[in-house]
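Reader: I am new to reading protein models. Could you take me through this one step by step?

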Amino acid sequence: MPAMGDADLGALFEEVARYAACFIEGLPDRPVRSSASLDEMRTAFEAPLPEVGREPQTIIQELTMAAEPGLLATPGGRFFGFVIGGAMPVTVAADWLAATWDQNAGLYVASPAASVVEDVAGRWLIELLGLPQESSFGFVTGGQIANFTGLAAARHHVLEQEVWNVQEKGLQGAPVVRVLANETRHDTIDRSLRYLGLGTDSIQPLVADDEGRMSLVALRDALANGQGPTIVCAQAGNVNSGAFDRFDDVCALAHKYNAWVHVDGAFGLWAAVSATRRYLVAGVEGADSWATDAHKWLNVPYDSGIAFCAHPESHHAAMSVHASYLIHAEGTERDQMDWNPEFSRRARGFAVYAAIRHLGREGISHMIDRCCDHARRFAEVLRAAEGVEVLNDVLLNQVLVRFLAEDGDHDAKTRAVVSGVQTDGTCWMSGTAWRDMAAMRISVSNWSTTEEDVERSIEAILRVASGL
Ligand SMILES: *Cc1c(COP(=O)(O)O)cnc(C)c1O
């Protein structure tokens with residue numbers, strides 16, 4: 001491999017930094033969609049396995065050129081697909097430092113800085129989100145693994161109450177665990193239960209109302225009519241409608257029956273930071289575990305999620321690890337691998353720390369409110385337009401829109417508008433099915449979205465819809 005001198009190193013990094021600034025500054029002006037076809041992308045990247053190496057600068061230039069046409073402007077202000085969120089510049093820079101320092105954030109001894117930054121950022125998050133002060137936490141890759149981690153702690157806890165040590169005995173011969181879950185839960189709950197060996201058949205779905213809030217009557221009936229170790233899965237922010245379960249009642253009911261409450265709050269938990277939206281999560285602090293994302297509404301780069309647990313001993317029992325060749329903390333130092341499913345891993349805490357430090361509680365609260373206000377504006381204008389319906393109560397950042405067709409095939413029309421808007425490139429949103437209806441799903445979760453972005457996007461949506 002060609003050697004690299006100091007001068008080359010500076011040039012390499014400077015070039016990437018210059019390119020990064022251009023890319024981010026250019027986001028408002030590029031089409032939001034990818035402009036390359038699958039074939040074009042394959043042609044851009046495919047090559048025989050390289051037998052010999054080449055200069056770093058060449059590689060980076062080639063990589064940039066090849067990738068550019070196949071990139072979506074997901075970090076930009078007019079991307080409203082899925083629930084994505086952007087990456088604030090300070091968090092991108094902090095993430096570069098994490099890559100530069102290349103710390104192994106598994107053990108305190110491998111990187112005191114990475115360990116302590118997580119300790120501090122984790123405490124800040126607990127305070128921001130209004131969770132119990134003594135909660136434990138783990139920095140994970142995202143909502144999926146945060147749900148897995150919370151449910152692993154739950155599995156340990158509810159089986160320990162039956163005098164069954166699942167860490168040693170596994171599930172063979174164990175008491176049957178039931179999972180009572182909102183029927184509109186996110187699919188990562190089901191997938192976590194698969195990973196945990198509980199299987200999706202362990203789920204007893206609880207009917208939800210038109211917004212996606214679980215029925216308390218159904219929950220009470222299920223709790224009263226079943227038995228054995230029980231986990232209740234509630235959600236803060238339905239992935240389509242943004243709806244919240246009623247945590248006060250859910251927790252009170254579940255705890256009466258000694259059940260564990262896990263809350264999937266991938267994006268919705270952030271409502272807790274906003275004075276005007278905090279009412280949506282009332283009582284959420286009464287749950288036993290929580291999952292959230294930093295790469296969604298906190299706007300840090302991928303991959304970044306956090307699991308919290310009100311029972312640190314159960315969290316620790318489910319995740320901790322001991323190996324003879326490692327040097328484990330003996331005092332109050334944090335060995336991160338004891339709180340998340342990974343062993344070696346990226347120092348995710350730096351970017352989260354930078355985000356919170358940069359915005360402060362006030363800035364995060366403003367960001368949440370801004371996104372929710374933008375969502376409300378989308379709903380207001382679209383609802384007033386001819387042949388357009390808004391299907392959900394827009395209390396958070398999610399808007400579900402349906403387009404009515406003259407021939408009565410509203411599903412087909414709605415899908416056509418979604419696809420037409422994606423092709424148009426002014427903005428990007430995805431489709432979904434909501435209560436057996438096709439819908440356009442608008443999620444406003446980006447720190448940089450402006451009022452102008454919203455107006456331009458509404459104009460594009462209505463233009464595409466009326467042109468069909
Ligand atoms: C996004 C999301 C998840 C999954 O989170 P990832 O960060 O993609 O792993 C889980 N639940 C809800 C409600 C979500 O919105």
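This is a predicted model: local features need pLDDT of at least 70, side-chain atom pairs count only at pLDDT 80 or more; totals for chains, interfaces and linings use all residues.

Reader: Fine. How many residues surround the ligand, and which are the closest?

Author: The ligand is surrounded by 14 residues, and the closest are Gln 144, Asp 264, Asp 293, His 295 and Lys 296.

Reader: Which helix gives the largest share of that shell?

Author: Helix H6, residues 143-160, gives the largest share, with three residues.

Reader: And how do the shell residues divide into nonpolar, polar and charged?

Author: Eight of them are polar, three are nonpolar and three are charged.

Reader: Which atom of His 295 lies 2.7 Å from an oxygen atom of the ligand, backbone or side-chain?

Author: In His 295 it is a polar side-chain atom. For Gly 143, a backbone N or O atom lies 2.8 Å from an oxygen atom of the ligand. A polar backbone atom of Gln 144 is likewise 2.8 Å from a ligand oxygen.

Reader: What percentage of the ligand's accessible area does the protein cover?

Author: On its own the ligand has 380 Å² of accessible area, and the protein covers 84% of that.

Reader: Let us change topic. How many residues are in the largest nonpolar core?

Author: That core has 83 residues. The members that touch the most others are Val 232, Trp 270, Phe 378, Met 440, Ile 442 and Ile 461. Helix H12, residues 349-384, contributes the largest share of this core, 13 residues.

Reader: What is Met 440 in contact with, apart from its neighbours within four places in sequence?

Author: Its partners include Val 399, Phe 403, Thr 414, Met 429 and Ile 461.

Reader: Which residues does the second core include?

Author: The second core is separate and has 24 residues, among them Val 158, Leu 159, Trp 164 and Met 319.

Reader: Now Val 263: where is its place?

Author: Val 263 is in strand E5, residues 260-264. Its relative accessibility is 0%, so Val 263 counts as buried. Leaving aside neighbours within four places in sequence, its contacts include Ala 234, Phe 247, Val 284 and Trp 290.

Reader: Last one. Why does Arg 30 count as buried?

Author: Arg 30 counts as buried because its relative accessibility is 17%, and buried means under 20%. Arg 30 is found in the loop between helix H1 (6-26) and helix H2 (38-45). Beyond its neighbours within four places in sequence, Arg 30 is in contact with Phe 23, Glu 68, Leu 71, Ala 73 and Arg 78.

Note on methods. Residues are numbered from 1 along each chain as its sequence is written. Side-chain values use heavy atoms; hydrogens and water are left out. A nonpolar core is a set of buried Ala, Val, Leu, Ile, Met, Phe, Trp, Tyr and Cys residues joined through side-chain atoms within 4.5 Å. Buried means under 20% relative accessible area, exposed over 50%, partly exposed in between (1.4 Å probe, protein chains only). Helices (H or I, at least four residues) and strands (E, at least two) are DSSP runs, numbered from the N terminus. Contact means heavy atoms within 4.5 Å. A residue is near a molecule or strand if one of its heavy atoms lies within 4 Å of it. A polar contact is a pair of N or O atoms within 3.5 Å; within protein, one must be able to donate a hydrogen and the other to accept it, and residues adjacent in sequence count only if both atoms are side-chain atoms. Accessible areas come from the Shrake-Rupley method with a 1.4 Å probe; for residues, only the protein chains shown count as cover. Ala, Val, Leu, Ile, Met, Phe, Trp, Tyr, Cys and Pro count as nonpolar, Asp, Glu, Lys and Arg as charged, and the others, Gly among them, as polar.
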